[in-house]
Amino acid sequence: MTELYEDLPSFDEFSELTNKEHYAQLPKDWNIIIAYVVDAEATDNHRQVNSLGGGCITAVKNALKEERNGAQVPYVFNGTGATFAVPPCCYDLAVGALLSFRKLVQKNFKSDICIGSISVEQI
């Protein structure tokens, strides 16, 4: 499940960011999913790119909220998309949400989202 992430102790001090006690190794059966706006650097509409990148996160979080009782997965927003660490129980939901979001982006924004994944074991 997602307990690995949800059970990590939180911290309030920025200086604690590099403290190794706040980190845990991802299980080998988890996957890294990357989604980003194609040709984001070539556009002048950076607000749209940022919104679409954030939309990737919203799509995954909403899918998990609806289908997995609000399960949380770690993610990083990079402006043009996001990277997620996803346990096996959430993988199909996360990818499905991103694929649905991709169709919406293609239809309504004349842009595209690239989606890829790799298992932690392969890294």
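Mentor: Let us begin with accessibility: buried means under 20% relative accessible area, exposed over 50%, and partly exposed in between (1.4 Å probe, protein chains only). This is a predicted model, in which local features need pLDDT of at least 70 and side-chain atom pairs count only at pLDDT 80 or more, while totals for chains, interfaces and linings use all residues. Residues are numbered from 1 along each chain as its sequence is written, and side-chain values use heavy atoms, with hydrogens and water left out.

Trainee: How many salt bridges does the structure hold?

Mentor: The structure holds one, a salt bridge being a side-chain nitrogen of Lys or Arg within 4 Å of a carboxyl oxygen of Asp or Glu. The side chains of Asp-112 and Arg-102 form it, at 2.7 Å from N to O.

Trainee: Where do Asp-112 and Arg-102 lie?

Mentor: Arg-102 is in helix α3 (88–109), and Asp-112 is in the loop between α3 and β4 (113–119), 10 residues apart. Helices (H or I, at least four residues) and strands (E, at least two) are DSSP runs, numbered from the N terminus. Asp-112 is partly exposed, with a relative accessible area of 22%; Arg-102 is also partly exposed, at 28%.

Trainee: Which residues of α3 are buried?

Mentor: Cys-90, Ala-94, Val-95, Ala-97, Leu-98, Phe-101 and Val-105 are buried. Seen down the axis of α3, the buried residues fall within an arc of 165°, so they line one face of the helix. That arc is taken from the directions from the helix axis to the C-beta atoms. On the other side of α3, Asp-92, Lys-103 and Lys-107 are exposed.

Trainee: What do the buried residues of α3 pack against?

Mentor: They pack against β1, α2 (46–67), β3 (81–86) and β4, where contact means heavy atoms within 4.5 Å.

Trainee: Moving to β4, is Ser-119 buried or exposed?

Mentor: Ser-119, which lies in strand β4, is buried, with a relative accessible area of 15%. Leaving aside residues up to four places away in sequence, Ser-119 touches Lys-28, Trp-30 and Asn-31. The C-alpha atoms of Ser-119 and Asn-31 are separated by 4.2 Å, although the two residues are 88 apart along the chain.

Trainee: Finally, where does Phe-14 lie?

Mentor: Phe-14 is in the loop between α1 (3–6) and β1 (31–37), and counts as exposed at 71% relative accessibility.
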